[in-house]
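User: Please go through this structure with me. I will ask about single residues and about how some elements pair.

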Amino acid sequence: MVGGGAMGCGIALEWAIAGRQVTLFNRQADSSEAARVKLERDAALLVETGLLTAEQRTAALARIRRTTVLAEAAVGQDLVIESIPEDLALKQQLFKELDRLASPDTLLATNTTALSVTAIARDCAHPERVLSAHYYLPAHLVPLVDVIPGEKTSPDAVETVRRFLEELGKSPVVFAKDVPGSVGPRLQQALIGEALRIVSEGVATPEMVDRVLTEGIGRRLGASGVFDRLDLVGLDFITNVLRGSGRPVPPVLAQKVDRGELGLKTGQGFYPWTPDSAAAFEERMARHLITQLREDRAAGRTPQQESGE
């Protein structure tokens, strides 16, 4: 693991918990010490919440070796993942070094959020082994990982990383081509941009926006994405809402409505629906929300307390 910040520590801890020997690289000794503190704090919380035993925590931390020598993080490794600042020139230089130091069968992955894998691998002699394995913060707690090939990445490299992530218990999504930003970061940036506009226009305060997300939309996202929820409320309804607010109707939505594919109520929207699958979806959503309410009540929390008020 190259880069022991918040993301790098989470990835390293996850590997170590799964029984892997990990070398964690930071260029500076003080950064390496900060990584040690964070690793111990994150592991302690897993013990406190019952996800690890004290013995498992001790064993996992013992599997992580910290170093300030890049070669020690590259030589003899099966996989190297970097998580350094989002600076293209910096990443290009790092991957050029890793490509020189690592054995030919070592896979090299970037955790970039917004940069092109192809561009990052530009100066590598073996770009076929370079790809993206984009985690979501906190890396050891969020299941999803985006696996993104560059233009020259070999299919074998992609499949090996996908299998490795599944062995760790992650949920990898393999994308067909190199698109800077990938899906998750683009969705997140759209949400952030709209939130900033709402506050800038005086429609709501930052606290109000965060409450809308944490107590409303965010509560549902654990069991429902965008497209299944569109199907649930009706694509014709969403179309009317967009037109009523003066916003354009995206072609993919207009085409669905024109074909009478209105979602759950017609049996076809972005997904096919049967009475059984519709009932199962609604029950899954209800159970998810009930679990959250129970946790709130057990902890004596109110929604306002959750959002920091």
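User: Is cysteine 9 buried or exposed, and what is its relative accessible area?

Analyst: This is a predicted model, in which local features need pLDDT of at least 70 and side-chain atom pairs count only at pLDDT 80 or more, while totals for chains, interfaces and linings use all residues. Residues are numbered from 1 along each chain as its sequence is written, and side-chain values use heavy atoms, with hydrogens and water left out. Buried means under 20% relative accessible area, exposed over 50%, and partly exposed in between, with a 1.4 Å probe and protein chains only. Cysteine 9 is therefore buried, its relative accessible area being 1%.

User: How many disulfides are found in the whole structure?

Analyst: Cysteine 124 is also buried, with a relative accessible area of 8%. A disulfide is a pair of cysteine sulfur atoms within 2.5 Å. Searching the whole structure by that cut-off gives a count of zero.

User: Which residue in S5 is the bridge partner of leucine 108?

Analyst: Helices (H or I, at least four residues) and strands (E, at least two) are DSSP runs, numbered from the N terminus. Two strands pair if DSSP finds at least two bridges between them. S4 (residues 107–110) and S5 (residues 130–135) are parallel and share three bridges. Within S5, leucine 108 has as its bridge partner valine 130.

User: Are the residues on the two faces of S4 buried or exposed?

Analyst: In a regular strand the side chains alternate between the two faces of the sheet. In S4, Leu107 and Ala109 lie on one side, with Leu108 and Thr110 on the other. Both faces are covered, and these four residues are all buried.

User: With which side chain does glutamate 82 make a polar contact?

Analyst: Glutamate 82 is in strand S3 and is buried at a relative accessible area of 0%. Counting contact as heavy atoms within 4.5 Å and leaving out residues up to four places away in sequence, glutamate 82 touches residues including Met1, Phe95 and Asn111. A polar contact is a pair of N or O atoms within 3.5 Å; within protein, one must be able to donate a hydrogen and the other to accept it, and residues adjacent in sequence count only if both atoms are side-chain atoms. At 2.8 Å, the side chain in polar contact with that of glutamate 82 belongs to lysine 91.

User: Which side chain does the side chain of serine 224 meet in a polar contact?

Analyst: Serine 224 sits in the loop between helix H9 (206–221) and helix H10 (227–233), and its relative accessibility of 3% makes it buried. Beyond its neighbours within four places in sequence, serine 224 is in contact with Arg229, Phe281 and Met285. The polar contact of its side chain, at 3.0 Å, is with aspartate 228.

User: Why is the pair of phenylalanine 227 and phenylalanine 270 given its class, and what is that class?

Analyst: Rings of Phe, Tyr and Trp (its six-membered ring) pair if their centres lie within 6.5 Å; planes under 30 degrees apart count as stacked, over 60 as edge-to-face and the rest as tilted. This rule gives three aromatic pairs. In one of them, phenylalanine 227 and phenylalanine 270 have ring centres 4.7 Å apart and planes at 65°, so the class is edge-to-face.
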